[in-house]
Amino acid sequence: MNRSSSNILDRPLGRSGGRGGSTSEGTLVSLSAFAYIYSELVQYHQGRAASISELERRLESAGYGVGLKVLEMVAYRAKETKRETRLMSILHFVSSSVWKSLFGKAADSLERSIDNSDEFMIIDYEPITSTFVSVPTDLGQLSADAYVSGIIAGVLDGAGFTARVTAHSVKVEEGEYVKPIGGNASLMGGFPARKDKAVFLVKFNSEVLTRD
């Protein structure tokens, strides 16, 4: 066996299959498979959480370890020999390189809070983690995208930018977003446009801002 081909870090990243779960050549994980596994993950933690906030913390914790590994993998693939030292550089890295490696596209927007200089927002109009999870009425405030906020926190913490990351579902205003048609702009191309977007609020620790 060729040693290099057996190294998981050297293999191409998986791409999601079609709506029906069919996979194309080179695909490692289909969209339907991910949806099923993630739904089971949410249900697993739901049965062990006493409140909505605890359930979200559990999902964040599950994603945190993934974020640490994703940071290593993306940096390895890019053959990076230096680490990011600037706050905006690491945020662009997360919203572009990390997002593309996980979801096949960059995040839709990266914005800085007008009111708080230590807060930034990564926006995704088609968050894959909440698309296939139906939140029951008694858990109406639950953010099923908390898992992704944990991934973001893991990437940032691993890079030396400690931050509190939370996921929020925000209504999409009329005319705010036009769903791309055709091409490979989104893994969710076969689904209708959503009425809400995922906003990942990143609040950096004070020492990170002082250093920057």
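**Layout**

I read the element order along the sequence as α-α-α-β-β-α-α-β-β-α. That gives 6 helices and 4 strands in the protein. Helices here are DSSP runs of H or I with at least four residues, strands are runs of E with at least two, and both are numbered from the N terminus.

I noted that the model is predicted: local features need pLDDT of at least 70, side-chain atom pairs count only at pLDDT 80 or more, and totals for chains, interfaces and linings use all residues. Residues are numbered from 1 along each chain as its sequence is written, and side-chain values use heavy atoms, with hydrogens and water left out.

I looked up burial next. Buried residues make up 38% of the 212 residues. Buried means under 20% relative accessible area, exposed over 50%, and partly exposed in between, with a 1.4 Å probe and protein chains only.

I then checked contacts, meaning heavy atoms within 4.5 Å. Of those between residues at least 6 apart in sequence, 67% join residues at least 24 apart.

**Helix α1**

I checked the length of α1 (31-46). Its 16 residues reach 22 Å from first C-alpha to last, close to the 22 Å expected at 1.5 Å a residue. The expected span is 1.5 Å times one less than the number of residues.

I listed its buried residues: Leu31, Ala35, Tyr38, Ser39, Val42 and His45. Seen down the axis of α1, they fall within an arc of 130°, so they line one face of the helix. The arc is taken over the directions from the helix axis to the C-beta atoms. Tyr36 and Ile37 are exposed, on the face turned away from the buried side. The buried residues of α1 pack against α2, α4 (128-131) and α5.

**Helix α2**

The buried residues of α2 include Leu55, Glu56, Leu59 and Glu60. Gly63 and Gly67 are also buried there. Their cover includes α1, α3, α5 (146-158) and β3 (163-171). After α2 comes Lys79, with a positive phi near 55°.

**How α2 meets α3**

I looked up the packing of α2 (residues 52-77) with α3 (residues 87-103): the angle is about 90° and the axes are 11 Å apart. Axes are lines fitted to C-alpha atoms, for helices over the stretch in contact, and angles run from 0 to 180 degrees between N-to-C directions. The two helices are therefore roughly perpendicular to each other. That label covers 65 to 115 degrees; under 35 counts as roughly parallel, over 145 as roughly antiparallel, and the rest as oblique.

On the α2 side I found Val70, Leu71 and Val74, meeting Phe93, Ser97, Val98, Ser101 and Leu102 in α3. By class, this contact has 6 nonpolar, 2 polar and no charged residues. Ala, Val, Leu, Ile, Met, Phe, Trp, Tyr, Cys and Pro count as nonpolar, Asp, Glu, Lys and Arg as charged, and the others, Gly among them, as polar.

**Two residues in α5**

I picked Val155 in α5. Val155 is buried, at a relative accessible area of 0%. Leaving out residues up to four places away in sequence, Val155 touches Gly67, Leu68, Leu71, Phe93, Val94 and Val98.

I also picked Ser149 in α5. Ser149 is buried too, at 0%. Beyond its neighbours within four places, Ser149 contacts Glu60, Val165, Thr166, Ala167 and Phe200.
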